[in-house]
Amino acid sequence: MKNQNKRMPWAVIAGRELAAYFTSPVAYIAGAIFILLSGIFFFNLFFLAGRAELRNFFELLPVFFSFLIPALTMRVFSEEKKTGTMETLVTLPVKISDIVIGKYLAVLLSAVVMLAPTLFYVLSCVLFAQSGVDAGPIVGGYFGSVLLAAAFSAIGIYCSSITKNQIVAFLLSLSICLFLTFVTMFAIFLPGFLVNGATFISAQGHFRSIARGILDSRDILYFVSLSAIFVVLTVNELNKERRA
């Protein structure tokens, strides 16, 4: 077991970070707010409009994640910098990439765990939908949700790595996530040659396509690339601190 831990230090770091998340009130508060708000939107549509579907829930999910995930990531590295333990962290005999990947996976798994209670919405649809439930958009929606969480988690840990102030880290991450969510809304104000670029970088647009049950490799590649870019940026940022 010890040899295995030496080969996979990122797994040890991820386990410790997960334990830290679920022994602090941050994860529970963020998760409770997410379930409360998403539940209000879902059941208002369910009971008032009489529509047993998850389309509107998935439509709003990028907005919910834009607030939830920055709240989870804001302390990841900012707290280390504020308490002065960052110097110790970057001088440990562990690769910076292992530290980043471990913390990144912990945030991502936390987000997925918080998404799990929304499966109750699926059960409600299955039980009460009169014309049956189309499984494609539901499976696609949850698959896209994991990809979206992965991308936003990578953005969040990067923002946390460049400042020692958790509030600043939260606001930076929130701003980037909201920009990627709403960028297409402002496309009509952009010159024609920029519209395609705005559409391409839109997280909402790529997520919406997957949530319809359409698995396009371009949408998957978008989220994988976005996640990889910000994880690499975080590794580079911490490597600068190690060299310093």
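In this predicted model, the axes of helix α4 (residues 55-73) and helix α7 (residues 96-115) come within 11 Å and cross at roughly 135°. The axes are lines fitted to C-alpha atoms, for helices over the stretch in contact, and the angles run from 0 to 180 degrees between N-to-C directions. Helices (H or I, at least four residues) and strands (E, at least two) are DSSP runs, numbered from the N terminus. The helices α4 and α7 are therefore oblique to each other; angles under 35 degrees count as roughly parallel, over 145 as roughly antiparallel, 65 to 115 as roughly perpendicular and the rest as oblique. The crossing of α4 and α7 is right-handed. A crossing is called right-handed if the near helix is turned clockwise from the far one by less than a right angle, and left-handed if anticlockwise.

Two points on the origin of these values are in order. The model is predicted, and local features need pLDDT of at least 70, side-chain atom pairs count only at pLDDT 80 or more, and totals for chains, interfaces and linings use all residues. Residues are numbered from 1 along each chain as its sequence is written, and side-chain values use heavy atoms, with hydrogens and water left out.

Which residues bring α4 and α7 together? From α4 come Phe57, Leu61, Phe65, Leu68, Ile69, Leu72 and Thr73, and they meet Val107, Ser110, Ala111, Met114 and Leu115 of α7. Contact here means heavy atoms within 4.5 Å. This meeting of α4 with α7 involves 10 nonpolar residues, 2 polar and no charged. In this classification, Ala, Val, Leu, Ile, Met, Phe, Trp, Tyr, Cys and Pro count as nonpolar, Asp, Glu, Lys and Arg as charged, and the others, Gly among them, as polar.

Helix α7 also meets helix α2 (residues 9-21), where the axes come within 7 Å and cross at roughly 40°. The helices α2 and α7 are therefore oblique to each other, and their crossing is right-handed. On the α2 side the contact includes Trp10, Ile13 and Leu18, and on the α7 side it includes Ile99, Leu105 and Leu109. The residues of this contact between α2 and α7 divide into 12 nonpolar, 2 polar and 3 charged.

The whole chain may now be considered. The protein chain has 13 helices and 0 strands. Buried residues make up 45% of its 244 residues, where buried means under 20% relative accessible area, exposed over 50%, and partly exposed in between (1.4 Å probe, protein chains only). Among contacts with a separation of 6 or more, 77% join residues 24 or more positions apart.

In soluble globular proteins, nonpolar side chains tend to be buried together. The largest nonpolar core of this model has 59 residues, and those with the most contacts inside it are Leu54, Phe57, Phe65, Phe77, Phe152 and Phe223. The largest share of this core, 13 residues, comes from helix α9 (residues 135-161). A second, separate core of 5 residues includes Ala71, Met74, Ala169 and Leu174. A nonpolar core is a set of buried Ala, Val, Leu, Ile, Met, Phe, Trp, Tyr and Cys residues joined through side-chain atoms within 4.5 Å. Leaving aside neighbours within four places in sequence, Phe57 is in contact with Phe34, Ser38, Leu115, Thr118, Tyr121 and Tyr142.

Helix α12 (residues 203-211) comes next. Of its 9 residues, 7 are buried, so α12 is largely enclosed by the rest of the structure. The buried residues are Ala203, Gln204, His206, Phe207, Ser209, Ile210 and Ala211. One of them, Gln204, has a relative accessible area of 8%. Not counting residues up to four places away in sequence, Gln204 touches Glu59, Pro62, Leu180 and Thr181. Just after α12, Gly213 takes a positive phi of about 90°.

The axes of α12 and helix α13 (residues 217-243) come within 9 Å and cross at roughly 135°. The two helices are therefore oblique to each other, and α12 passes α13 in a left-handed crossing. The contact is made by Ala203, His206, Phe207, Ser209 and Ile210 of α12 and Arg218, Asp219, Ile220, Tyr222 and Phe223 of α13. By class, this contact of α12 with α13 has 6 nonpolar, 2 polar and 2 charged residues.

Finally, a loop residue deserves attention. Val183 is placed in the loop between α10 (166-182) and α11 (192-200). At 6% relative accessibility, Val183 counts as buried. Val183 touches Ala198, Ile201 and Ser202, not counting residues up to four places away in sequence.
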